[in-house]
Amino acid sequence: MARGKAKDGDGNWKKFIWNSEKKELLGRTGGSWFKILLFYVIFYGCLAGIFIGTIQVMLLTVSEFEPKYQDRVAPPGLTQVPQVQKTEISFSASDPKSFELYVKNLEKFLNDYKADQQTENIIFEDCGEAPTDYKERGLYNDAQGQKKVCKFKREWLENCSGINDPTFGYGYGKPCILIKLNRIIGFKPKAPANESLPPEVMAKYHPYLIPVHCAARREEDAEKIGTVEYYGMGGYPGFGLQYYPYYGKLLQPRYLQPLVAVQFTNLTYDTEVRVECKAYGQNIQYSDKDRFQGRFDIKFDVKSS
Amino acid sequence: SQGLSSAKAAEILVRDGPNLLTPPKATPEIVKFLKQMIGGFSILLWIGVVFSWISFGIQLAQGAESPFDNLYLGVVLALVVILTGIFAYYQEAKSTNIMASFSKMIPQQALVIRDGEKKELPADQLVVGDVVEIKGGDKIPADIRLIFAQGCKVDNSSLTGESEPQSRSCDFTHENPLETRNIAFYSTTCVEGTATGIVINTGDRTIIGRIASLTSGVGNEKTPIAIEIEHFVYLVAGVAVSIGVLFFIISVSMRYKILDSIIFLIGIIVANVPEGLLATVTVSLSLTAKRMAKKNCLVKNLEAVETLGSTSIICSDKTGTLTQNRMTVAHLWFDNQIYSADTSEDQTTQPFDQSSPSWTALSKIVTLCNRAEFRPGQENLPIMKRVVVGDASETALLKFAEVILGDVMNIRAQKKKVAEIPFNSTNKFQLSIHETDDPNDKRFLLVMKGAPERILERCSTIMINGKEEPLDSEKAEAFQTAYMELGGMGERVLGFCHLYLPENEFPDTYLFDTDSMNFPTSNLCFVGLLSMIDPPRSTVPDAVSKCRSAGIKVIMVTGDHPITAKAIAKSVGIISATSETVEDIAKRLNIPVEQVNREATAAVVNGMELKDMSSQQLDEILCNHSEIVFARTSPQQKLIIVEGCQRQGAVVAVTGDGVNDSPALKKADIGIAMGIAGSDAAKNAADMVLLDDNFASIVTGVEEGRLIFDNLKKTIAYTLTKNIAELCPFLIYIITSIPLPIGTITILFIDLGTDIIPSVALAYEKAESDIMNRRPRNKRKDRLVNEQLAVYSYLQIGALALGAFVTYFTVYAEQGFLPSTLLGVRVNWENNAINDFEDSYGQEWTKYQRTYLQWTGYTAFFVSITIQQVADLIIRKTRRNSIFQQGLFRNKVVWVGIFSQIGIALILTYGLGHVTALNFTPLRFQYWFVAVPFAILIWVYDEVRKLFIRRYPGSK
C-alpha cells in the first residue's frame with residue numbers, strides 16, 4: 001500500500017511541475033505566475049520604499065557632527081600600535097622578516113604625523129611643547145567651517161619615531177609601541193588627582209597631562225621588563241590636554257591624536273613578558289569585562305636568535 | 001470426581017504456563033524517551049548542538065578569545081531539546097497502558113478439586129483439565145466447560161456485549177463456543193447459581209486472551225493531527241535545511257571560513273525551527289481536553305482532541321449510547337386504539353387519556369401481574385432512577401404503573417395475591433390470582449400477561465370501553481393490526497387479560513393449586529396491549545441532526561434485531577423520515593427486493609449478510625448509502641465495518657462499551673468508550689471516554705475538535721511569521737556583512753519566552769463562523785499548514801518584520817554607526833585585535849564596546865519583534881473576519897498573552913540586562929516605539945487582505 005502511495009505521489013509531482021493539460025507550471029499558469037510575481041515585485045517594492053523612507057527620516061534626526069548618544073563608547077579605550085593578533089609581539093631581532101609587519105604597521109600609522117603632512121596652517125596650529133589646558137573650538141557644527149587641529153611632532157617620539165631608526169628598535173631587540181587614547185567626540189579627559197596616583201606614576205604628574213605608565217602585568221615579570229622609555233609631547237610621558245576635545249571626522253578630518261611611544265630597551269629574551277599599560281585620569285576608568293578600557297596588556301616574546 | 005493430581009497439574013502448568021494474560025511487548029521506556037529526543041525538530045537542533053560544539057572545539061584549539069559562546073549555545077540548544085523531549089515523553093506516558101486493565105480482570109482465587117480435595121488456589125495456577133467450582137458472584141477463573149450447573153447465570157456483557165445474564169447448563173447447544181450454553185468464559189462473572197466445570201483453556205488461549213492479543217495486535221493508527229504536525233515539521237525542516245545549506249554554500253563561496261559558515265548554519269537552523277511550537281500545540285490540546293472533560297468527554301490521548309473534529313463517520317453503538325439502556329413503556333393499545341406514552345428520561349406523569357374504564361382494568365393487570373419490586377428506601381428518588389429487583393420488562397411496567405397510579409406496592413398489598421404462576425418459556429405467560437380490595441366483592445381476580453398471540457388464544461371476549469364484548473374476527477383483526485404495528489416499531493409487545501372468577505364456583509376459601517391449575521385459563525377477557533422499547537435519549541435526535549449538518553455520517557452498529565435497530569435509527573434520525581431502504585422501496589412498489597435499483601439512501605444490513613460479503617461489497621454499501629444501520633453484528637464484524645469505513649478515507653469514530661469492542665475501538669481513528677456502562681478494557685482501548693454515555697457529548701467534542709484545528713492553524717501562522725524576522729538578520733548578516741542584528745540565544749528567548757503564552761492564547765479563540773455547518777475537513781486536502789498559510793506568513797507578514805531592522809539601524813545610527821558605515825564591516829567588527837574601530841564620526845571603539853552595542857542591537861531587534869508579534873497576534877485572531885467582527889476583547893486570554901509578552905520582554909531587557917551570558921542590555925525607552933508604525937501597518941495590511949477575502953471568496 002505504501003508503495004502504491006509513493007507511485008501516486010510521483011505522478012503528482014511530475015504533474016505538479018508541469019501540468020500539460022492545464023498548462024500549469026508548479027501548479028500555476030503562466031498568467032497566474034506573472035500576476036503573483038508582479039504582486040511580489042510591487043509588494044517588496046513598497047516595503048523597500050517604506051524601509052528606505054523611514055531610515056531617511058531617522059537619519060534626519062541624527063546630527064552629522066556628533067552622535068546622539070555616546071554611552072556605549074565612553075569611557076575611552078586605550079590602544080596600541082602595532083596592532084597585533086592575540087596582543088602578542090613576538091620577533092627575533094636578527095630576523096627582519098619576523099618584525100616586518102610591526103614596522104610597516106607603525107610606519108603606516110605615523111605617516112599622518114610626518115612634518116610635511118602638518119604644514120597647512122589653515123588646518124594645523126601649534127599647541128606648544130608642553131601640556132596645557134583643553135582647546136575649546138566652539139559648537140559642534142560647521143557654522144565656522146572646519147576646526148583647527150593641534151600639531152603633533154613626530155620627532156617627539158625620538159627613538160620610536162622611526163626617523164633615525166626605521167626598525168623602531170625592533171632591529172636591536174628594543175621594541176617600540178605607540179599608545180593612544182581612543183577618539184571620542186567631545187570627550188575631555190581629566191588629569192588625575194595628584195594624590196590618587198600610584199607612587200611609580202607620581203613622578204609623571206602634570207596638571208594638564210594624562211600620564212601613561214607601563215608595568216609588568218604579573219609580579220614575577222617585573223624583573224624581566226627592564227627599562228621602559230616613554231616619549232611623548234615635549235618629552236612628557238602622556239597626552240596633553242590641549243589635544244582635547246575631539247570635534248569629529250567632519251570638523252577635524254586631519255585630527256592627530258596625541259601619542260605616547262614606549263620603548264622596552266632591556267627586555268628579557270626568550271621568555272614571555274606580559275606588560276600592562278594604563279592611562280590615568282579622573283574620568284578614565286577600567287573594567288573587568290573590557291580589557292581595553294583605559295588600559296591594555298600586551299605580551300612580548302623576543303627571541304635571541 | 002477426583003480432579004487432577006497435583007503432580008499432573010504441575011506438569012501441565014510447566015507445559016502451558018500460568019493462567020495469565022501475557023502483557024504485550026512494551027517498547028522499553030528508554031526507547032520511547034529516545035524517540036521523543038530525536039523526533040520532530042529535535043534532530044535539527046541536535047545538528048545545531050553538534051555544530052556548536054565542533055566549532056567550540058576548533059576555536060578552543062585555535063586559542064580564540066571567546067570560544068565559550070559556542071559551548072553555551074550548544075548547551076542551551078541541548079537543554080531545549082531535552083526539556084521539550086521530556087515534556088513530550090511525560091505527555092505520552094500519561095496515556096495508560098491498555099493491558100493493565102486486562103490483568104485487573106483476572107480473578108484472584110479459584111476453588112479447584114485436586115487429588116480429590118477442594119482447594120483454594122490462585123487462579124493463575126489453574127491448568128487445562130482442572131475441575132473448578134463456581135458460585136454466584138465469582139469471576140470465572142478460565143474458560144470452562146460445565147459438567148454440572150444449577151440455576152447458573154453468567155454476565156457475558158464484558159465479552160459479547162449482551163447485557164442480560166445468560167443461563168448456563170451442561171447442554172451442548174451450538175457449534176460456536178460463544179453461543180453454546182455449556183461454556184463459561186474467563187473474566188466473565190457468574191451472577192447466580194452454582195456450577196462445576198472443567199478448565200478447557202487458560203491464559204492467552206482463552207477467548208478473552210485472544211481478544212486481548214487482537215487488541216494489542218491492532219496497530220495504533222497515527223492520529224490526523226499527528227500526521228498534520230509531521231507534515232508541518234517536514235515543511236519547516238525542509239525550509240530550514242534548504243536555506244541553511246544554500247547559505248552555507250553562499251558563505252563558503254563568499255570566502256567565509258568554514259567555521260564561520262557552520263556558525264551561520266546553526267543560526268539559520270535555530271531561527272527556522274519554532275522550538276516552542278510543539279510544546280504549545282500540546283498545551284493547546286490539553287487545554288481543549290480539559291474543556292471537553294467539563295462537557296463529559298474525557299480525552300486520554302491528547303491528539304484525539306483534534307481527531308474528533310476531523311471525524312467524518314461515527315459508528316455508534318445503540319444500547320446505552322443512543323438509547324437510555326432501559327426498557328420503557330412506549331405504546332398502549334386498548335379500546336381499539338393506540339396510545340403513546342412518554343418515554344423521556346425524567347417523566348413524572350403520562351399524558352394519554354386515562355378516563356376509559358378499560359384503562360382502569362388494564363392498569364390493575366399491569367400492577368398486579370408483576371413480580372418486580374422497588375428496593376426499599378428510595379422514596380425520595382425520582383421514579384425513573386429507582387433501583388428495581390426484576391427483569392427489564394417487569395421493571396418497565398412497574399415504573400410505568402408507579403408513575404400513573406402512585407404507590408404500587410400499597411395497591412398490591414391491598415389486593416392480596418393468592419396464587420401465582422411465574423413466566424416460563426413453555427407457557428409464555430404469567431398469571432396471578434388476587435383478592436379484590438372491595439369488601440362487597442368477594443370474587444377473585446385472575447390476571448395474566450404474556451406474548452400477545454398466546455394471550456389472545458386464551459380469550460373469548462375483549463374489553464371495549466369497559467364492556468366485555470365477544471371477540472369476533474373483526475376485533476381479532478384489529479388486534480393483529482395493532483400488534484403488527486407495534487412490533488414493526490421494534491417494540492416488545494405484551495398482551496394483558498383478566499377474568500373475575502365467579503363467586504359461586506370459587507368461594508373465598510377456595511384453595512388454588514398452581515400445579516393442577518384448578519382454575520380457568522381460557523375464555524378470559526382480553527384487555528389490551530403494552531409495548532416497550534429501550535427509548536432513545538432525548539438529546540440524541542438533535543445531536544444526530546447536528547452531525548448531519550456537520551457532514552458527519554452516523555452509522556449504527558448494534559447486536560439488536562434489525563427491526564428494533566431500524567426503529568431506533570428512525571426515531572433518532574439516523575435514518576431520516578424521508579429515506580427508504582431497499583426493502584421499503586420493494587414493499588412500496590410491490591416488487592421483489594432484487595429488482596430495486598440503487599436508489600435507496602438508507603440500508604439496514606444484517607450481521608448474517610455482512611458475514612458473506614466481500615470487502616468490495618461492503619465498500620459499495622458504505623459508499624452508496626448515506627444512512628446505514630448494521631444489526632445483529634458480532635464484535636469481529638464491528639472491526640470489519642470500521643476498516644471498511646477507513647478504506648473510504650474517512651476518519652472514523654467508534655463508540656463501544658464491552659471488552660469485545662476494544663479491537664474496534666483501537667482500530668478506529670478515535671475510539672470512544674462509555675464511562676458508565678463501559679468495561680475497563682474498552683476504556684483503555686479507547687482514546688476518549690464519555691462520562692455520561694451520551695451520544696450528544698460526542699457532538700460537543702466534535703465542535704471542540706474543529707475549533708482547536710482552526711486555532712492551531714492560527715497558532716502556527718503566528719509562530720511561523722516571526723521565523724522570517726529571525727532568519728532575515730542572519731541572511732542579511734551573511735550577505736552584507738553588517739554586525740549581527742540578533743543573536744541565536746535571543747532568538748531562543750523569543751521562541752521559548754515571549755511567544756509561548758500568546759500562541760497558547762490563540763487556543764482560546766472563539767469560532768469565526770458556525771463550524772458545525774462545515775463538512776469535516778478532508779484529511780488529504782485541508783492541511784494544518786498549507787501553501788497559502790506558509791507563503792503568507794513567510795513572504796508577506798514576515799517581510800513586514802522590517803520594523804525590527806529599522807530599530808536596529810536606529811540604535812546603531814544614534815550611537816555613531818550610520819547605516820552606510822555598517823555595510824561590510826563584519827570582519828573588522830568581529831576582530832578581537834581591533835580595539836580602535838572607527839565609527840561614522842571618527843570615534844574609536846574597543847571590541848567590548850562594539851559587542852555591547854551589538855547586544856543592544858539584539859535587544860532592540862528582540863523588542864521590535866515582540867512589538868510586531870503583538871500585531872501579529874491580533875491579526876491571527878481571525879482568518880477571514882475583521883477583528884472588529886470577532887471582537888478585540890472577547891478572548892481575554894489573548895490580552896494576557898500580549899501583556900505577558902511585553903512583560904517578559906521588559907524583564908529580560910531591564911531585569912536581566914546585566915547578565916552577560918543572556919546578551920540582553922537595558923534599552924532606551926524610545927526604541928520600544930520604533931516598530932509600532934510597522935505593527936500598525938501589519939494590522940492594516942491584514943485587514944485589507946481579509947476584506948478582499950470576504951469580498952471575493954474562492955479566488956486563488
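In this predicted model, one helix pair in chain B brings B:Phe264, B:Gly267, B:Ile268, B:Ala271 and B:Asn272 of H9(B) up against B:Asn723, B:Glu726, B:Leu727, B:Phe730, B:Leu731, B:Tyr733 and B:Ile734 of H25(B). Sorted by class, that contact comes out at eight nonpolar, three polar and one charged residues. As for geometry, H9 spans residues 258–272 and H25 spans residues 695–736 of chain B, and the two pack at an angle of about 165° with their axes 8 Å apart.

B:Arg255 sits in the loop between helix H8 (224–253) and H9 of chain B, and its phi is near 65°, a positive value in a residue other than glycine. For context, most residues other than glycine have a negative phi.

A second pair in chain B involves H29 (residues 802–815) and H32 (residues 847–876), whose axes come within 8 Å and cross at roughly 150°. That angle makes H29(B) roughly antiparallel to H32(B), and the crossing here is right-handed. On the H29(B) side, the residues in contact are B:Gly803, B:Ala804, B:Phe805, B:Thr807, B:Tyr808, B:Val811, B:Tyr812 and B:Gln815; their partners in H32(B) include B:Leu853, B:Gly857, B:Ala860, B:Phe861, B:Ser864 and B:Ile865. The class tally for H29(B) with H32(B) is nine nonpolar, eight polar and no charged residues.

Turning to the interface, 49 residues of chain A touch 50 residues of chain B. Between them the two chains bury about 4000 Å², with 53% of that on carbon and sulfur atoms. On the chain A side, A:Tyr69, A:Arg72 and A:Arg183 lose the most area to chain B, together making up 19% of what that side buries.

Chain A itself splits into domain 1 (19–61) and domain 2 (78–303), and the C-alpha centres of these two domains lie 55 Å apart. Chain A also has a couple of cis peptide bonds to look at. One joins A:Val81 and A:Pro82, with omega about 0°; A:Pro82 falls in the loop between strand E4 (78–81) and strand E5 (88–92) of chain A. Another joins A:Tyr244 and A:Pro245, with omega about -5°, and A:Pro245 is found in the loop between strand E11 (238–240) and strand E12 (259–264) of chain A. Most peptide bonds, by contrast, are trans.

Key:
Residues numbered from 1 in each chain as written. Chains lettered and ligands numbered in written order. Predicted model: local features only at pLDDT ≥ 70, side-chain atom pairs only at ≥ 80, totals over all residues. Heavy atoms only, no water. Axes fitted to C-alpha atoms, helices over the stretch in contact; angles between N-to-C directions. Helix = DSSP H or I, 4+ residues; strand = E, 2+ residues; numbered from the N terminus. Parallel < 35°, antiparallel > 145°, perpendicular 65-115°, else oblique. Left-handed = near helix turned anticlockwise from the far one by under 90°. Contact = heavy atoms within 4.5 Å. Nonpolar A, V, L, I, M, F, W, Y, C, P; charged D, E, K, R; others polar. Domains from an automatic or database assignment. Buried area = accessible area lost by both parts, 1.4 Å probe.
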